[in-house]
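Please open the model in a viewer and keep the sequence panel in view.

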Amino acid sequence: AKKIIEEAGELTFALKDGSKKDIIYECADLVYHTLVGLAFNNISPDEVRQELFRREGLSGLEEKRLR
């Protein structure tokens, strides 16, 4: 979990700096460590995809209210 936080921070700085190469590199790191975290908890990426589909078309406030 610490690696996910670290990589998210690095991606944030890359986004701020605007270097496409660095954004892609840091995003790949974040996705990788997120996938590792999901696998460690026996969660498939497809379950996350299903959750994203469930939220499609909902505003953030509406989605939060429905939890």
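**First stop: A14**

Begin by selecting A14, which is buried, with a relative accessible area of 6%. The model is a predicted one, and A14 is found in helix 1. Display the surroundings of A14 next: leaving out residues up to four places away in sequence, A14 touches S19, D22, I23 and E26.

**The whole chain**

Zoom out and colour the protein by secondary structure. Four helices and zero strands make up the secondary structure. The radius of gyration is 14 Å, well over the 11 Å that the globule rule gives for 67 residues, so the protein is more spread out than a compact globule. Read from the N terminus, the order of elements is α-α-α-α. A box drawn along the principal axes around the C-alpha atoms would have sides of roughly 35 × 30 × 20 Å.

Of the 67 residues in the protein, 12% are buried.

**Second stop: E7**

Return to helix 1, which covers residues 2-17, and select E7 there. Is E7 buried or exposed? With a relative accessible area of 3%, E7 is buried, as the cut-off for this class is under 20%. Which residues does E7 touch, apart from those up to four places away in sequence? They are E26, D29, L30 and H33.

From E7, move across the contact to E26, a residue of helix 2. Beyond its neighbours within four places in sequence, E26 is in contact with E7, E10, L11 and A14.

Which side chain of opposite charge is nearest to E26? Select K3 and draw the distance: K3 is 8.3 Å away. E26 is buried yet has no salt bridge. A salt bridge would require a side-chain nitrogen of Lys or Arg within 4 Å of a carboxyl oxygen of Asp or Glu.

Follow helix 2 (20-40) to the loop that joins helix 2 to helix 3 (45-55), where I43 is placed. N42 lies in this loop between helix 2 and helix 3 as well. Select N42 and inspect the backbone: phi is near 55 degrees, a positive value in a residue other than glycine. N42 counts as exposed, at 70% relative accessibility.

Select I43 next. At 35% relative accessibility, I43 counts as partly exposed. When neighbours within four places in sequence are set aside, I43 is in contact with L38 and V48.

Draw a line from the C-alpha atom of I43 to that of A14. The pair is 29 residues apart in sequence and 28 Å apart in space.

Note on methods: Residues numbered from 1 in each chain as written. Predicted model: local features only at pLDDT ≥ 70, side-chain atom pairs only at ≥ 80, totals over all residues. Heavy atoms only, no water. Helix = DSSP H or I, 4+ residues; strand = E, 2+ residues; numbered from the N terminus. Rg over C-alpha atoms; globule rule 2.2 N^0.38 Å. Buried < 20%, exposed > 50% of the residue type's maximum accessible area, 1.4 Å probe, protein only. Contact = heavy atoms within 4.5 Å. Lys, Arg positive; Asp, Glu negative; His and termini not counted.
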